[in-house]
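Thanks for passing this one along. Have a look at the model first, and then we can go through my comments.

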Amino acid sequence: MAAPDAALYLGFDFSTQQLKVVAIDGNLNVVHQNNVQFDSELPEFRTQGGVHIHADRLTVTSPVLMWVKALDLLLDKMKGAGLDFSRVRALSGSGQQHGSVFWRRGASETLQNLDPDQNLHQLLQDSFSVSHSPTWMDSSSSRQCDDLHTAAGGAERLTEITGSRAYEGFTGNQISKLRQTRPEEFRVTERISLVSSFAASLFLGGFASIDYSDGSGMNLLDIRTRTWSEVCMDATAPHLDRLLGAPVPSTSVLGPVSSYWVQRFGFSEDCRVVAFTGDNPASLAGMRLQQGDVAVSLGTSDTVFLWIQQPRPALEGHVFCNPLDWTAFMALLCFKNGSLTRERIRNESTGGSWELFSAALRDTPLGNNGNIGFYFDSMEITPPAVGVHLFDPEDKKVSSLSPQVEVRALVEGQFLSRRLHAERLGYAIIPGTRVLATGGASSNQDILQVLSDVFNAPVYTIDVSNSACLGSAYRALHGLVSDSISSFFDVVKKAPEPQLVVTPHPEAQQVYGQMLQRYARLEERVLQESRPPEPQEPISSVQETRDL
Ligand code: 5FX
């Protein structure tokens, strides 16, 4: 048990639906947790799920003052719960990735002179040039995405530079859209922050730098040089570097908390603010993902997090700078057809029983005697294909499989896809690789056995319900100690270890090594078949052209 006056470290998470915090002590024990739910606790902002979906169904924003007011409320709750802020030695945090905050001219001065007798919500009323911040869920900037691809020399080239093709929700495309459609708001903007660096600015009492890792989700940062890409910046807005400031390593200590926090809440003058980052990079820290590890979240959508040394950005998925080791990278892949498809096949093949589903996995051999299935019930993100496609051992398309074979075809197919696309982004299984499984389906040991066999690595389970917050608290603690990579894992070695659940069968490497190559070939075939046919020119117009 830590002494009552022992040091504390805070991790905040400004996520889409709520603001959360955890406080840990030097032994990594969680000593306090709190949160503010935007919809129910701040109903005056009239959000649903923390956002406003506009009439065009494409524009999705959040009121920036709601985030500010949530911080006021959260700090009051923490104080009410008796948290002694004078014990906090460092704090850090995370925010939804890609979202942006536009500070109005004069905001810097306001931030430097915050009156401790008032709350932030009162003080910052006039500090934003855009009151409704674009969020990661926004998909209204397709035109700007097309323009960015053209300026960069194509989607592949942009992906090579920034780690992702142009996405509507990414910050650069939102900045571009604002400049084009609301020039006056853009003109009076003094600084543009990410949600993460905006939150850090509140604590610092000045504009906080964007960190490399969250900065990689903007379609603006060259992920290899870790500097703003000239071609992307020029295509987005003139003199954009002045509005963004220079990006910094994610482990940077930005400075002490401002006097506002010292006087209003009793923080120590020495309490450090460590650069805030995106929620996914912070989760990577919370899970303590290491080189070679892969985290697979098995939920409605399946998500794969990777630690990558040498990235090979691809049109699917994102590669970001790594928040723990500035020389490494992390990648994120999203697969839309996860649990709902597993449940459909369970209903159809094993009468809705998970026990029988598991038995089917146990009773069928690794490699499924060569039967392979692709189950894209709805349009998949990775890869962009739709429909159910089944193949027999001779690669001939078949219309159905027996119930037991179908269960294994589904689960093997899903995990082969996760591995194939991870490897395409530069992921490599190395000795010591661990698969960290999370999400609903991670409670099924037979599903995890297939995951372990396909990746030929042991599978561990880990509780990630608070991973972004916890990762932020770990990063705060680490930021204070040092910024060398080895020390992060030293600093967090007392955290609860993931639990080993299964190890791969001895024949797994051989079976799935070959099957992966076959799966890749068949996926290409499925993609060709899912592609809409090229529009044919009408014969008359072809003839007319020839006549000319
Ligand atoms: C990642 O690229 C995303 O857009 C989301 O996971 C947001 O970070 C959610 F906050």
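Below are my numbered points on the model.

1. Ground rules: this is a predicted model, so local features need pLDDT of at least 70 and side-chain atom pairs count only at pLDDT 80 or more, while totals for chains, interfaces and linings use all residues. Residues are numbered from 1 along each chain as its sequence is written, and side-chain values use heavy atoms, with hydrogens and water left out.

2. Who sits around the ligand? Thr16, Gln96, Gln97, His98, Trp136, Asp279, Asn280, His318 and Leu332 surround it (a heavy atom within 4 Å counts as near). By class, that shell has two nonpolar, six polar and one charged residues (Ala, Val, Leu, Ile, Met, Phe, Trp, Tyr, Cys and Pro are nonpolar, Asp, Glu, Lys and Arg charged, the others, Gly among them, polar).

3. Now the polar contacts (N or O pairs within 3.5 Å). The side chain of His98 has an N or O atom 2.7 Å from a ligand oxygen, and a polar side-chain atom of Asp279 is 2.7 Å from a ligand oxygen. Gln97 uses a polar backbone atom, 3.1 Å from an oxygen of the ligand. The protein covers 81% of the 290 Å² of accessible area that the ligand has on its own (Shrake-Rupley, 1.4 Å probe).

4. Salt bridges (a Lys or Arg side-chain nitrogen within 4 Å of an Asp or Glu carboxyl oxygen) number 19 across the whole structure. In one of them, Arg224 meets Glu160 at 3.2 Å, N to O. This pair links distant parts of the chain, 64 residues apart: Arg224 is in the loop between strands S10 (221-222) and S11 (227-228), and Glu160 is in helix H6 (residues 155-162). (Helices, H or I with at least four residues, and strands, E with at least two, are DSSP runs numbered from the N terminus.)

5. Two backbone spots to check. Most residues other than glycine have a negative phi, and most peptide bonds are trans. Arg288, not a glycine, has a positive phi of about 55°; Thr382 and Pro383 are joined by a cis peptide bond, omega about 0°.

Technical notes: Polar contact = N/O pair within 3.5 Å; in protein donor to acceptor, adjacent residues only side chain to side chain.
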